[in-house]
Amino acid sequence: MNQNAFLPARVQSAVKKLYQQKNVALNVLRLDEIHPVISGNKWFKLKAYVKDALVQNKKNIITFGGAFSNHIIATAAAANLYRLQSIGIIRGEEPEQLSSTLLEAKSYGMQLFFVSREAYKRKELPNILKTLLQPDDVYIIGEGGYGKKGAEGAADILTECDAGRYTHIMAAVGTGTMLAGLVAASKPTQTVIGISSLKNHLALTDEVQALLKDKRDFKILHDYHFGGYAKAPAKLFDFMNSWYKDTGIPTDMVYTSKLFYAIDDLIEKDFFPPGSKILAIHSGGLQGNRSLPKGTLIFS
Ligand SMILES: *Cc1c(COP(=O)(O)O)cnc(C)c1O
């Protein structure tokens with residue numbers, strides 16, 4: 001496969017007085033910078049699926065998502081890169097004005113089909129698609145890329161840096177696919193912690209474990225969702241701006257802002273023993289900030 005379009009991720013050290021006071025080091029793996037569109041963890045989660053689709057000689061990739069889904073845009077761009085046709089099943093009615101996410105997905109040739117929330121929940125394909133496409137020609141990737149192949153690809157995230165030198169690996173969690181990959185690729189002596197962006201989705205632990213070959217220890221914290229998935233109160237924007245001022249690192253409002261907020265809070269509360277070396281995965285998602293009113297963030 002041609003991976004020339006992707007840059008290697010750099011590791012950036014985040015410097016704040018708080019970290020020095022508590023004697024912990026925080027390094028950030030900048031997956032947000034590896035590609036202008038297929039940024040963050042999405043390429044890692046998609047690549048084993050795309051490879052599988054090519055091996056099976058499928059021409060159409062179908063996947064599911066909402067109007068602001070990073071997964072939808074990444075799938076559209078990845079399919080385009082490998083000359084596969086992509087189809088997005090989008091939750092809810094077609095809006096008069098498509099979100100910038102959906103417009104960009106369309107620009108990569110993705111065909112969009114809007115389905116009711118009920119049909120979306122059942123992951124039903126619209127009838128028209130069933131008549132247009134041969135089932136043999138269709139490769140379906142689950143919502144958010146959840147699945148074993150997604151985790152398999154995500155395990156490669158840790159090969160982007162010298163991951164073995166860290167005591168803790170921290171990442172944002174949606175479906176938990178990336179976390180499963182990180183757990184699988186980590187050493188048993190390392191603590192892997194996921195920060196859930198969803199409110200009280202306590203089944204996540206089982207959903208992550210289901211993607212792992214062996215039983216492994218990992219933690220998911222459920223106290224940093226800021227009201228729930230895609231909920232972003234003013235306090236979160238204040239944090240994103242101040243964290244950017246301190247570290248120069250931009251964050252997205254759905255996942256990575258909550259991750260770094262949690263890390264700072266945990267450091268403040270002495271969760272990490274002195275001497276801890278933390279690797280945080282910047283999983284991307286910055287494109288989602290485009291839907292914010294101008295001036296909300298001091299970076300974009
Ligand atoms: C999709 C996404 C995640 C969540 O990844 P999962 O594998 O679904 O847990 C985290 N961060 C960003 C920026 C994302 O776009």
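Q: What makes helix H11 of this predicted model count as largely enclosed by the rest of the structure?
A: Buried means under 20% relative accessible area, and 12 of the 13 residues of H11 are buried, so the helix is largely enclosed. The buried residues are Thr256, Ser257, Lys258, Leu259, Phe260, Tyr261, Ala262, Ile263, Asp264, Asp265, Leu266 and Ile267.

Q: How do you know what span to expect for H11, and what span does H11 reach?
A: The expected span is 1.5 Å times one less than the number of residues. With 13 residues, H11 reaches 18 Å from its first C-alpha to its last, close to the 18 Å expected.

Q: Why are H10 and H11 called roughly perpendicular?
A: Angles of 65 to 115 degrees count as roughly perpendicular. The axes of H10 (residues 234–247) and H11 (residues 256–268) cross at roughly 75° and come within 10 Å, and the two helices are therefore roughly perpendicular to each other.

Q: Which residues of H10 and H11 meet?
A: From H10 come Lys235, Leu236, Phe239, Met240 and Trp243, and they meet Ser257, Lys258, Phe260, Tyr261 and Asp264 of H11. Sorted by class, this contact has 6 nonpolar, 1 polar and 3 charged residues.

Q: What makes the phi of Asp270 worth a look?
A: Most residues other than glycine have a negative phi. Asp270 has a positive one, near 60°. Its place is in the loop between H11 and S10.

Q: Why does Asp270 count as exposed?
A: Exposed means over 50% relative accessible area; Asp270 has 53% relative accessibility, so Asp270 counts as exposed.

Q: Where does Arg83 lie, and what is its phi?
A: Arg83 lies in the loop between H3 and strand S4 (85–91). Its phi is positive, near 55°.

Q: How do you know whether Arg83 is buried or exposed?
A: The cut-off for exposed is over 50%, and Arg83 has a relative accessible area of 78%, so Arg83 is exposed.

Q: Which residues have the most contacts inside the largest nonpolar core?
A: They are Leu29, Ile38, Ile157, Leu179, Leu182, Phe218 and Ile281, in a core of 47 residues. Several elements give two or more residues to this core, including helix H2 (41–55), helix H8 (177–185) and strand S10 (277–282). H2 gives the most, with 6 residues.

Q: What is Ile281 in contact with, leaving aside its neighbours within four places in sequence?
A: Contact means heavy atoms within 4.5 Å. The partners of Ile281 include Leu29, Ile157, Ile169, Leu182 and, from H11, Leu259.

Technical notes. Residues are numbered from 1 along each chain as its sequence is written. This is a predicted model: local features need pLDDT of at least 70, side-chain atom pairs count only at pLDDT 80 or more; totals for chains, interfaces and linings use all residues. Side-chain values use heavy atoms; hydrogens and water are left out. Axes are lines fitted to C-alpha atoms, for helices over the stretch in contact, and angles run from 0 to 180 degrees between N-to-C directions. Helices (H or I, at least four residues) and strands (E, at least two) are DSSP runs, numbered from the N terminus. Angles under 35 degrees count as roughly parallel, over 145 as roughly antiparallel, 65 to 115 as roughly perpendicular and the rest as oblique. Ala, Val, Leu, Ile, Met, Phe, Trp, Tyr, Cys and Pro count as nonpolar, Asp, Glu, Lys and Arg as charged, and the others, Gly among them, as polar. Buried means under 20% relative accessible area, exposed over 50%, partly exposed in between (1.4 Å probe, protein chains only). A nonpolar core is a set of buried Ala, Val, Leu, Ile, Met, Phe, Trp, Tyr and Cys residues joined through side-chain atoms within 4.5 Å.
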